[in-house]
Amino acid sequence: MAITLNHTIVPCFNNVESARFYCKLFGFEYAGEFSRFIVVRVNDTLCLDFDSRDQFESNHYAFKVSEQEFDEIFERLQTENIKYGSGPSEVDNMIINHNYGGRGVYFRDSNGHLLELLTVDYVIPTH
């Protein structure tokens with residue numbers, strides 16, 4: 001059996017608002033409350049567990065998507081007037097990238113987390 005990531009905790013200021021934002025933007029399934037978390041199903045094997053906190057470090061979450069999903073999510077980004085950019089240090093230049101023959105874009109959620117969409121995997125050198 002291949003090892004898969006089952007869930008990860010996403011710290012946020014308001015778990016309900018954050019979960020609903022991710023569902024609206026990405027089209028994820030809102031699964032609901034579990035313990036102190038609000039759970040969002042990304043796919044058959046991965047959930048995001050949103051956890052309300054007063055303080056936390058920002059994280060980076062990258063989502064590989066199909067070309068069609070990229071178009072749909074990118075359109076919602078624009079409709080919501082969310083600033084985006086071509087790289088992690090250029091999140092508001094309003095340009096997408098075309099790295100490795102695909103498309104990618106970076107933007108921040110209301111908690112300061114850096115989100116990334118990419119259509120093609122990075123080329124990682126092998127040793």
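**A walk around a sheet and its helices**

Cys 23 is buried, with a relative accessible area of 13% (buried means under 20%, exposed over 50% and partly exposed in between, with a 1.4 Å probe and protein chains only). This is a predicted model, in which local features need pLDDT of at least 70 and side-chain atom pairs count only at pLDDT 80 or more, while totals for chains, interfaces and linings use all residues. Residues are numbered from 1 along each chain as its sequence is written, and side-chain values use heavy atoms, leaving out hydrogens and water.

Let us stay with the cysteines for a moment. Zero disulfides turn up in a search of the whole structure (a disulfide being two cysteine sulfur atoms within 2.5 Å). For Cys 23, the nearest cysteine sulfur belongs to Cys 47 and is 10 Å away. Cys 47 is likewise in no disulfide, its nearest cysteine sulfur being that of Cys 23. Cys 47 is buried as well, at a relative accessible area of 10%.

Next comes the sheet. Four strands form an open sheet in the order E5-E8-E7-E6, with mixed pairing (strands are DSSP E runs of at least two residues, helices H or I runs of at least four, numbered from the N terminus; two strands pair if DSSP finds at least two bridges between them). At the edges are E5 (60-64) and E6 (84-85), each pairing on one side only. Strands E7 (residues 104-108) and E8 (residues 114-118) are joined by five bridges in the antiparallel sense. Across from Phe 107 you will find Leu 115 in E8.

Now look at the helices that accompany these strands. Helix H1 (residues 15-26) lies across E5, E7 and E8, at about 20° to E8 (angles run from 0 to 180 degrees between N-to-C directions of lines fitted to C-alpha atoms, for helices over the stretch in contact). Helix H2 (residues 67-79) packs on the sheet too, touching E6, E7 and E8, and its direction makes about 35° with that of E7 (contact means heavy atoms within 4.5 Å).

What does each side of H2 show? Phe 70, Ile 73, Phe 74 and Leu 77 of H2 are buried. They lie on the same side of H2, because they cover an arc of only 105° around the axis (taken from the directions from the helix axis to the C-beta atoms). On the other side of H2, Gln 68, Glu 75 and Thr 79 are exposed. The buried residues of H2 pack against H1, E6, E7 and E8. After H2 comes Asn 81, with a positive phi near 55°.
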